[in-house]
Amino acid sequence: RYGKTQADNVSIKLEGNPDHPVNRGALCARGQAALQGLYNPDRYRGPMVRRNGALQKITWDDALELFSQKLGETRSKGGAASAVFINQHETGSFPGFLDAWLAGFGMPTHLSYDAGADHAAIAAHRQSYGVAWPRFDFAAARLVVSIGADLLDGWGAMVPQQLAFAEARADHENAPRVVYVGPRRSLTGLNADQWIDCKPGSEMAIVRLLGGQMSAQQASKATRVSASVLEAFAGEFAATRPSMVLAGSGAVDGLEVALAANALNQSHGNVGVTIKPAEGYLGFERTVSPAEIRAVAEKMNAGGVSLLMVRGANPAFTLPKSVGFAEAMAKVPFKVSFSSYPDETSEHADLILPDNHSLEQWGNAEPVRGTLSLQQPTMDPVFDTRATSDVLIAIAKKDPGDAARY
């Protein structure tokens with residue numbers, strides 16, 4: 001995407017790039033709202049350091065010197081291997097650069113975290129298809145079954161899914177019929193031909209019905225849906241090919257339901273026809289599960305983390321309170337946040353090195369294999385912030401041994 005700017009270097013509107021092969025000029029609501037983050041008055045104005053229990057302003061020179069000093073102390077005490085860097089999930093060159101930087105200091109690779117991702121579906125896709133998120137070809141399907149997967153509103157690769165869904169449905173002669181299964185009628189449910197309002201937590205019964213492992217009467221008892229409705233649905237699914245079955249995070253037993261739905265796609269010959277792993281999206285490939293972040297909290301609680309660095313993520317807020325991530329941070333000797341905004345994680349940090357907004361810095365992304373999208377700043381930084389990549393390079397240059405690696 002790119003920003004339209006006035007002559008005084010102020011970004012005023014965002015539009016998609018019509019030549020981009022993934023979004024073809026479309027932007028989701030989050031993309032359209034990015035300007036709100038750019039001009040957020042609560043953004044950190046510059047680096048901050050914790051003194052006497054409170055965050056105070058500090059110069060960039062002093063902030064970088066302190067960060068470099070803490071990195072040196074961590075290595076000298078043999079704690080580099082127990083350092084943790086949690087980064088927002090992203091593609092492009094930055095994740096590789098970050099891991100190279102961490103390796104230069106003897107630290108393990110970073111954890112790519114996305115609190116909003118459907119981790120059950122991702123795990124099921126990896127297990128069934130070998131990729132985190134395949135491409136769904138709605139135009140090739142005659143019947144699309146969504147079991148709690150709100151593919152039109154925040155589930156997966158939303159923008160390309162919306163475009164593909166709309167184009168497939170616009171072809172009235174060959175448009176796939178869509179059936180939405182779930183207790184809440186989501187945006188996808190509102191655009192479906194049929195909504196099967198099942199009892200919460202009974203989604204697996206629907207999948208077993210479609211797989212011939214349960215009768216319509218048994219499924220009706222479990223789901224509280226009319227047996228005649230379920231019998232007609234099962235008959236339609238058995239008779240219609242090619243089809244597509246998607247399962248989302250609405251189910252209580254999400255991983256089991258997603259795996260069972262994927263098994264239906266495999267048994268009905270949908271993989272490679274309507275489900276296309278070879279054309280999948282790379283944005284979810286490195287994403288770690290919430291369980292892996294919970295393991296970090298447990299390690300911190302046990303005093304096993306020497307240095308914690310967090311960028312573009314807020315695990316203290318997004319993880320369940322029972323995990324106690326914020327409380328566990330108190331057991332870490334030094335915490336660094338690269339957050340642009342005050343949040344539940346950065347408020348527990350000892351040092352804040354605020355990152356530039358995406359509209360203020362260079363970058364790139366690889367949404368699908370073989371497509372590299374370049375990102376350029378639309379305006380100068382609003383506040384005294386710096387791109388994290390520049391900060392890490394500056395830190396590496398402070399150590400001649402590490403600078404040689406960059």
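User: Which way do H8 and H9 run relative to each other, roughly parallel or roughly antiparallel?

Analyst: H8 and H9 are roughly antiparallel to each other, because angles over 145 degrees count as roughly antiparallel, whereas angles under 35 count as roughly parallel, 65 to 115 as roughly perpendicular and the rest as oblique. The axes of H8 and helix H9 (residues 216-223) cross at roughly 170 degrees and come within 9 Å. Axes here are lines fitted to C-alpha atoms, for helices over the stretch in contact, and the angles run from 0 to 180 degrees between N-to-C directions. Helices (H or I, at least four residues) and strands (E, at least two) are DSSP runs, numbered from the N terminus.

User: What kind of model is this, and how are the residues numbered?

Analyst: This is a predicted model, in which local features need pLDDT of at least 70 and side-chain atom pairs count only at pLDDT 80 or more, while totals for chains, interfaces and linings use all residues. Residues are numbered from 1 along each chain as its sequence is written, and side-chain values use heavy atoms, with hydrogens and water left out.

User: Back to that pair, which residues make the contact of H8 and H9?

Analyst: On the H8 side they are Ala205, Ile206 and Leu209, and on the H9 side Ala216, Ala219, Ala222 and Thr223, where contact means heavy atoms within 4.5 Å. By class, this contact has six nonpolar residues, one polar and no charged. For these classes, Ala, Val, Leu, Ile, Met, Phe, Trp, Tyr, Cys and Pro count as nonpolar, Asp, Glu, Lys and Arg as charged, and the others, Gly among them, as polar.

User: Is Thr223 buried or exposed?

Analyst: Threonine 223 is buried, with a relative accessible area of 0%; buried means under 20% relative accessible area, exposed over 50%, and partly exposed in between, with a 1.4 Å probe and protein chains only. Leaving aside its neighbours within four places in sequence, threonine 223 is in contact with Asp197, Cys198, Lys199, Ser202, Ala205, Ile206 and Leu230.

User: How do H9 and H10 lie to each other?

Analyst: H9 and H10 are oblique to each other, since the axes of H9 and helix H10 (residues 227-239) cross at roughly 125 degrees, coming within 8 Å. H9 passes H10 in a right-handed crossing, and the handedness is left-handed if the near helix is turned anticlockwise from the far one by less than a right angle, and right-handed if clockwise. The contact is made by Ala216, Gln217, Ala219, Ser220 and Thr223 of H9 together with Ala227, Leu230 and Glu231 of H10.

User: And what is the angle between H8 and H11?

Analyst: Helix H8 (residues 203-210) and helix H11 (residues 254-267) pack at an angle of about 15 degrees, with their axes 10 Å apart, and they are therefore roughly parallel to each other. Their crossing is left-handed. H8 contributes Glu203, Met204, Val207 and Leu210 to the contact, and H11 contributes Glu256, Val257, Ala260, Ala261 and Leu264. These residues divide into seven nonpolar, no polar and two charged.

User: How many residues of H8 are buried, then?

Analyst: Seven of the eight residues of H8 are buried, and H8 is mostly covered. What covers the buried residues includes strand S8 (143-147), strand S9 (177-181), H9, H10 and H11. Just after H8, glycine 212 takes a positive phi of about 75 degrees.

User: New topic: why is H4 called largely enclosed?

Analyst: Eight of the eleven residues of helix H4 (residues 94-104) are buried, so H4 is largely enclosed by the rest of the structure. Among the buried residues of H4 are Phe94, Phe97 and Trp101.

User: What about leucine 307, where is it?

Analyst: Leucine 307 is in strand S13 (residues 307-311), and it is buried, with a relative accessible area of 0%. The C-alpha atoms of leucine 307 and valine 84 are separated by 6.3 Å, although these residues are 223 residues apart along the chain.

User: Last one: is serine 76 buried or exposed?

Analyst: Serine 76, which is found in helix H3 (residues 60-76), is exposed, with a relative accessible area of 60%. The side chain of serine 76 reaches the backbone oxygen of glutamate 73 at 2.9 Å.

Technical notes:
Polar contact = N/O pair within 3.5 Å; in protein donor to acceptor, adjacent residues only side chain to side chain.
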